[in-house]
Amino acid sequence: MGARISIDFLSHTFRGQHAPVLQNIDLDIAPGEQVALIGRSGCGKSTLLHMISGLQMASDGCVRINGSQVTKPSAKWNMMFQKPSLFPWMSVRQNAELGLAFAGKRDIALIERLLAMTGLADKSDARVGDLSGGQQQRVALARSLATSPDVLLLDEPFSALDAFTRASLQEDVARIARENGITLVLVTHDIDEAVAMADRVLIMVADPGRIASSIKMDMSFPRDRVGADFIRTRERLMRIFSQLSGSVVSNPADLATSGGSSPQAAA
Ligand SMILES: Nc1ncnc2c1ncn2[C@@H]1O[C@H](COP(=O)(O)OP(=O)(O)OP(=O)(O)O)[C@@H](O)[C@H]1O
């Protein structure tokens, strides 16, 4: 079942630097909620995600998952990155089993179920090195799910994929997380991705990195990307984003470019 993530007045300054990269992040994410973090390049999204995962500790404040302070990574809150770190010479099944194997466990039936759930049933014995980028991301997803995580933390996991593969993975990950009650935090540059997957979108701004706006996505799942609700919501997000960053965002996938002055307002 999903976990509650509480972030209490978290601030961070990297060693050797004067200005904080993150300042006073105060955030509560409900169990099973799916949250997308969007913001210009360099505003601190990945740093915040790494702090939620326990890969990095904040200089002030803390992250708690189900009330316990996060001090190190855990198989209960799994990260997925843009590049899935898989063993290319091993089979899909062997890679999917790795998370469990590290925990000293084996559950063949579970792995078969996860491979079916992630659309890899007919690829179990294939060598991972022979798969496409999208299929490799599916293997990484199956491996992450094998330890029954409470939380999935996704750092631009689909950004290297073509548009069709990306859309199908976005739908599958959102559905699987929903069906299993997993809390999901997604870092993305892509407004469409945020609207397609999230219950709530958080807009981060830079200098110092902070959450400037929190917007609920009031739409049912699965989301119809060409429907009026989707298009209206995407335009509303782009408008809020443009106001906050002081520069026009005309393309839903163009937050990757840096720029925009330091915003003050919170929508
Ligand atoms: N280990 C580090 N030491 C010093 N500065 C760092 C370190 N890691 C990140 N930074 C700086 O912190 C800021 C935020 O980086 P971060 O990667 O969190 O941004 P981001 O919003 O995820 O960017 P992007 O969207 O481009 O991935 C950047 O200015 C970056 O240069």
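Two points on conventions. Residue numbers start from 1 along each chain, following the sequence as written. The model is predicted, so local features are taken only at pLDDT of at least 70 and side-chain atom pairs only at pLDDT 80 or more, while totals for chains, interfaces and linings use all residues.

Confidence comes next. pLDDT is the predictor's confidence in each residue, on a scale from 0 to 100. The protein chain averages 89, and 92% of the residues score at least 70. The model has an ipTM of 0.97 and a pTM of 0.89. Over residues 257–267 pLDDT stays under 50, and the model has 26 contacts there beyond four places in sequence. A contact here means two C-beta atoms, placed from the backbone, within 7 Å. Where pLDDT is low, the predicted coordinates should not be read in detail.

On to secondary structure. Helices (H or I, at least four residues) and strands (E, at least two) are DSSP runs numbered from the N terminus. Two strands count as paired if DSSP finds at least two bridges between them. Four strands make an open sheet in the order β2-β1-β4-β5, with antiparallel pairing. Its edge strands are β2 (22–29) and β5 (68–69), each pairing on one side only. Strand β4, residues 60–65, is joined to β5 by two bridges, and Arg 64 has Gln 69 as its bridge partner in β5.

Cys 62 is also in β4. Leaving out residues up to four places away in sequence, Cys 62 touches Asp 8, Leu 10 and Gln 69. Cys 62 and Ser 11 are 51 residues apart along the chain, with 8.6 Å between their C-alpha atoms.

Strand β6, residues 77–80, is covered on both faces: Trp 77 and Met 79 are buried on one side, Asn 78 and Met 80 on the other. Four bridges join β6 to β7, and these two strands run parallel. The partner of Trp 77 in β7 is Val 151.

Next, helix α3, residues 108–117. Ile 111, Leu 114 and Leu 115 are buried in α3. They cover an arc of only 100° around the axis, so they sit on the same side of α3. The arc is taken over the directions from the helix axis to the C-beta atoms. The buried residues of α3 pack against α2 (92–102) and α4 (133–146). Just after α3, Gly 119 has a positive phi of about 75°.

That leads to the backbone exceptions. Most residues other than glycine have a negative phi, and most peptide bonds are trans. Phe 9, in strand β1 (residues 5–12), has a positive phi near 40°. Ser 148 has a positive phi near 50° and lies in the loop between α4 and β7 (151–155).

Where are the prolines that follow a cis peptide bond? Another joins Phe 221 and Pro 222, with omega about -10°, and Pro 222 is in the loop between β10 and α7 (228–245).

Last, Ser 214 in strand β10. Ser 214 touches Arg 200 and Leu 202, not counting residues up to four places away in sequence. Ser 214 and Leu 27 are 187 residues apart in sequence, and their C-alpha atoms are 9.9 Å apart.

Conventions. Buried ≥ 20, exposed ≤ 12 C-beta atoms within 10 Å, placed from the backbone.
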